[in-house]
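Take a walk through this structure, one element at a time. Keep the sequence and the 3D view open side by side.

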Amino acid sequence: MPAILIEDLKKHYGEVKAVDGINLEVEEGEIFGILGPNGAGKTTTLEMVETLRKPDSGRIQVLGMDVGEEPKAIKESIGVQLQTTVFFDKLKVRETIDLFCSFYPRTLSVDKLIDIATLGDKADAMVSDLSGGQHKRLSIALALVNDPRIVFLDEPTTGLDPQARRRIWEIVEGLRDEEKTVVITTHYIEEAEYLCDRVAVMDHGRIVAWGTPDDLIDEYVSDGIITFRLTRPVEEGIIEKIEGVKSLSRRDDEYMVITPTPQKTLLSIFAMAHDQGVEADDVNMKRATLEDVFLKITGRRIRE
Amino acid sequence: MKNYSKMFLYEMKMTLREREAVFWMFVFPLLIMLILGFVFGSSGDIKLEIGVVDLDGSEVSQAIIQALESIEAIEVVMGGEDEERAELKDDKRNAVLIIEEGFGDKVERGQSGEITMYINRSDVTTAQITSSTVTGIVDKIGQSMVQAPQLITINEKEEEDVEGFEYVDFMVPGVLAVVIMFGGLMGYSEEVAIRREKGILRRVKVSPISLPSFLGAGILMVVIMALMQAVVLLVVGASVFNVKINGNIFYMAMAVIVGALSFVSLGFMISSLAGTSKSAMLAANAVAMPMMFLSGVFFSIEWVPTALKVIARMLPLYYFGDALREVMIGAASLADIWLDMVVLLAFGLVCFALAVRFFRWE
């Protein structure tokens, strides 16, 4: 039995097809990422699974239970971190956790939760005095109060600096060790690649690709990627004719080409620049990422 | 039950940590009460009005009346017994002396004569002054006229049911009503709207706790706060202004609870209907302010134009103020204020039903 089973799920808001017929299976014990730009429908999907929103059509099963039929039993076995939750300013961290513990029949101890969220030194601080990262860690602690089998984290690191993001990743990896199922939405490529066993790429309410990050990259962009800037724009036709270039995309003065023969192409780029009397600058050869997968599929970047 | 009491505990903590809220709930009402009390409540020099019913008309009785009249702080009003006692019941006399026919004769013959004095005990201090002044004067007359003061005795009786309201007696329950109204209306409506805006309600919704238990704790908190406010205001009112709290504690608490529930429901309704916490606050203000001034809680509406009276009777605060006053000062029982209670409960129920009907999690 999969931890989560979604079949032909739809949610429309008037003309806007927020979620437009998606199918998903999340296995127990995996860290599953939903990657996509803002407005792709990630949060709406998650909230329907969490029983917060009613789907227009389709089926959702969580741990074998139907969302429409057994919301209460589902709520008891899942933990949720919402994208934007501000807690009670006038409560301390410890009190906030204690309060949320009282909402569930069976819970972990407050101290254990503080420990998991690495908030030990802030346990007696007012919630209003927490930094962004601490606040997110608190909201993760609150998602874990009932020792849930499935944990939903909606953009847990958005707006955090790299160091704070790292600490959250460590907590999520701890959940992997506890064999919990984690569903995480993000628009950070590195996060999806680093944390997730499998990823679904979402855009405009649809899942456009899914699989392990490595499989996705191999499947969609096995080629090398070269990016460079030119001191003066050059006609795109000239770049497309460079040896090995399979596809070209351009953003302002930055060009990105995909090529099965990176080394030859690299040399040809310098040759082209020389012929055109411009200079190539900021030249990079890199491994493909999920960003490139997204770009390849949708023609856009995830974070624009 | 476990989750309910935790929620309640933390609701209390949060409120008491909010310095501003504590100011508005406890300090501000006291300030209002003290200001109103000192500005409008000062009774000035004591002037005793004594009704005398002289059925005797003898020299002795005349002498007593003259002696009373000679004292500057006493104003003597002559009248019939029924009439004077009615005035006393209306708090227009401090005491009524009744000198029976044949009193003078008895005293002159060396027998003991008796004067009945009905005393107004609506204000204990004044009653004591009245009693000792009158007794002193009558003793003196007895001394000078028949050299036997013990011959004249004063049979002191307490007049029951004196409608002896002073302004502070009126005002303190009124201030309490207003304070409880604000507590329910403002505190609660804005708080629920803020929690909705912050997404706290949504976060609570994904946990198995039910809406009634989550909101119920907040409502209970408002009620407990109302009771605390009542205690503080009444204690200060009684010690600073000698407000005469005659009511049964249980009835007073019931009236406070019913009123608090009613206004919490109104606040809850506003939070359900308002879009944002800001508009909830403005709406609560727009409801509370006119109600405060039109409901006759600070000043009696007996003398205002009829139109205003009609308006006042349409406002729940009027009934709440009336209930508190009757039960605290008038020592009424719940049966006496049934109309107030029914109006408040009905109003609260309607608001609550609308609030639930239009409640939104986000």
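Helix H5 (residues 132–143) of chain A has twelve residues and reaches 17 Å from its first C-alpha to its last, close to the 16 Å expected at 1.5 Å a residue. That expected span is 1.5 Å times one less than the number of residues. Helices (H or I, at least four residues) and strands (E, at least two) are DSSP runs, numbered from the N terminus.

This is a predicted model: local features need pLDDT of at least 70, side-chain atom pairs count only at pLDDT 80 or more, and totals for chains, interfaces and linings use all residues. Residues are numbered from 1 along each chain as its sequence is written, while chains are lettered from A and ligands numbered from 1 in the order in which they are written.

Is H5(A) enclosed or open? Ten of its twelve residues are buried, so H5(A) is largely enclosed by the rest of the structure. Buried means that 20 or more other C-beta atoms lie within 10 Å of the residue's own; exposed means 12 or fewer, partly exposed is in between, and C-beta atoms are placed from the backbone. The buried residues include A:His135, A:Lys136 and A:Arg137, as well as A:Leu138 and A:Ala141. They pack against strands E6 (78–81) and E7 (150–154) of chain A, and against helices H3 (93–101), H4 (110–116) and H6 (162–177) of chain A. Across chain A, 45% of the 304 residues count as buried.

A:Ala141 leads on to the largest nonpolar core. A nonpolar core is a set of buried Ala, Val, Leu, Ile, Met, Phe, Trp, Tyr and Cys residues joined through C-beta atoms within 7 Å. This one has 166 residues, and A:Ile97, A:Ala141, A:Val201 and B:Met181 touch the most other members. Helix H7 (residues 167–198) of chain B gives the most to this core, with 18 residues. Not counting residues up to four places away in sequence, A:Ile97 touches A:Val110, A:Leu113, A:Ile114, A:Ala141, A:Leu142 and A:Val145. Another core lies apart, with 24 residues, among them B:Val53, B:Leu68, B:Ile115 and B:Val138.

Now the strands of chain A. The secondary structure of this chain comes to eleven helices and 14 strands. Two strands pair if DSSP finds at least two bridges between them. Strand E1 (residues 4–13) of chain A pairs in the antiparallel sense with strand E2 (residues 16–26) of chain A over eight bridges. Here A:His12 stands opposite A:Lys17. Two residues lie between the strands of this hairpin, and A:Gly14 takes a positive phi near 60°. E1(A) also pairs with strand E4 (residues 57–62) of chain A, antiparallel over five bridges. In E4(A), A:Ile60 is the bridge partner of A:Ile6.

B:Val52 has B:Met78 in E2(B) as its bridge partner. The chain crosses from E1(B) through helix H3 (residues 59–69) of chain B to E2(B), a right-handed β-α-β crossover. Right-handed means that, with the strands pointing away from the viewer, the path from the first strand over the helix to the second runs clockwise.

Finally, the two chains meet. In all, 19 residues of chain B are in contact with 22 residues of chain A. Contact means C-beta atoms, placed from the backbone, within 7 Å. On the chain B side, helix H1 (2–17) and helix H8 (200–205) each give two or more residues. H1(B) gives the largest share, eight residues.

Terms used
Two residues are in contact if their C-beta atoms, placed from the backbone, lie within 7 Å.
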